[in-house]
Amino acid sequence: MSSFGYSFVVLITLFCFFLTRAYGLPKVKPIDDVQPEKTLAVHNMIRAAVGVAPLVWNDTVAAYAQNFADKQAKAGICGYSDIKHSGGPYGENIAAGWVQPRDQMSGPIAAKYWLTEKPNYDHANNKCKDVCGHYTQMVANQSFSLGCGSYRCHENELIWIICDYYPMPVGDANTRPY
Ligand SMILES: *[C@@H]1O[C@H](CO)[C@@H](O)[C@H](O)[C@H]1NC(C)=O
Ligand SMILES: *[C@@H]1O[C@H](CO)[C@@H](O)[C@H](O)[C@H]1NC(C)=O
């Protein structure tokens, strides 16, 4: 009888495991991953640190970003190497991160992640030592407004954040972001 009890426990455990695998995490509204107010606040803190005027939230731009996100989700574009920019009229930053083991991606987290490129930007020479284009987009004084969208992959476990900026900054060798 005791061996039966044991396998019963194992069966239940396996059953739960497969349930989790089959259904993944519950769906979340894209806007809850974007967190517009906090995303905007983080951007504006980063801009204020270098004396650049704050952005405002732009619903038109946010709708554009969410429309692109929905298309990506529908096409099942989930791999880091498969992602491409939307190619629209805006500046655009994209980031991804996993929900587990703890929240590792959202609009505000994406903005903080892009901030890690700040040391790569050489303002005196207007050059990147390594990747810094996400950072320079966040602080570009030619952009006035921001809108972001999001989608999830892998049974809602991987979050993609897409932020678009209006107007798109010039971002050439002669035009500093600030
Ligand atoms: C928001 O975006 C739209 C479309 O790009 C643009 O026409 C409008 O001026 C923007 N609004 C702000 C406040 O930047
Ligand atoms: C943006 O930064 C550039 C480079 O420092 C500066 O020449 C320009 O006046 C700034 N524009 C605004 C709108 O602050």
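**Ground rules.** I number residues from 1 along each chain as its sequence is written, and chains are lettered from A and ligands numbered from 1 in the order in which they are written. As the model is predicted, local features need pLDDT of at least 70 and side-chain atom pairs count only at pLDDT 80 or more, while totals for chains, interfaces and linings use all residues.

**Entry 1, helix α3.** I took helices (H or I, at least four residues) and strands (E, at least two) as DSSP runs, numbered from the N terminus. Helix α3 covers residues 36-48, 13 residues, and spans 18 Å from its first C-alpha to its last, close to the 18 Å expected at 1.5 Å a residue. That expected span is 1.5 Å times one less than the number of residues.

Next I asked which residues of α3 are buried. I found T39, L40, V42, H43 and R47. They fall within an arc of 160° seen down the axis of α3, so they line one face of the helix; the arc is that of the directions from the helix axis to the C-beta atoms. On the face turned away from the buried side I noted the exposed residues E37 and A48. Buried means 20 or more other C-beta atoms within 10 Å of a residue's own, exposed means 12 or fewer, and partly exposed lies in between, with C-beta atoms placed from the backbone.

I then looked up what the buried residues of α3 pack against, and the partners are α2, β1, α5, α6 and β5. Contact here is C-beta atoms, placed from the backbone, within 7 Å.

Around ligand 1 I listed V56, N58, T60, V61, F144, S145 and Y166, each with its C-beta atom, placed from the backbone, within 6 Å. The shell divides into 4 nonpolar, 3 polar and no charged residues. Here Ala, Val, Leu, Ile, Met, Phe, Trp, Tyr, Cys and Pro count as nonpolar, Asp, Glu, Lys and Arg as charged, and the others, Gly among them, as polar.

In β5, 7 of 9 residues are buried. Strands pair if DSSP finds at least two bridges between them. β1 and β5 run parallel, joined by 2 bridges, and W57 stands opposite L146 in β5. β5 and β6 run antiparallel with 9 bridges; S150 stands opposite I161 in β6. Their hairpin has 4 residues between the strands, and H154 takes a positive phi near 50°.

Leaving out residues up to four places away in sequence, A140 touches G91, Y165, P169 and P177.

Key:
Contact = placed C-beta atoms within 7 Å.
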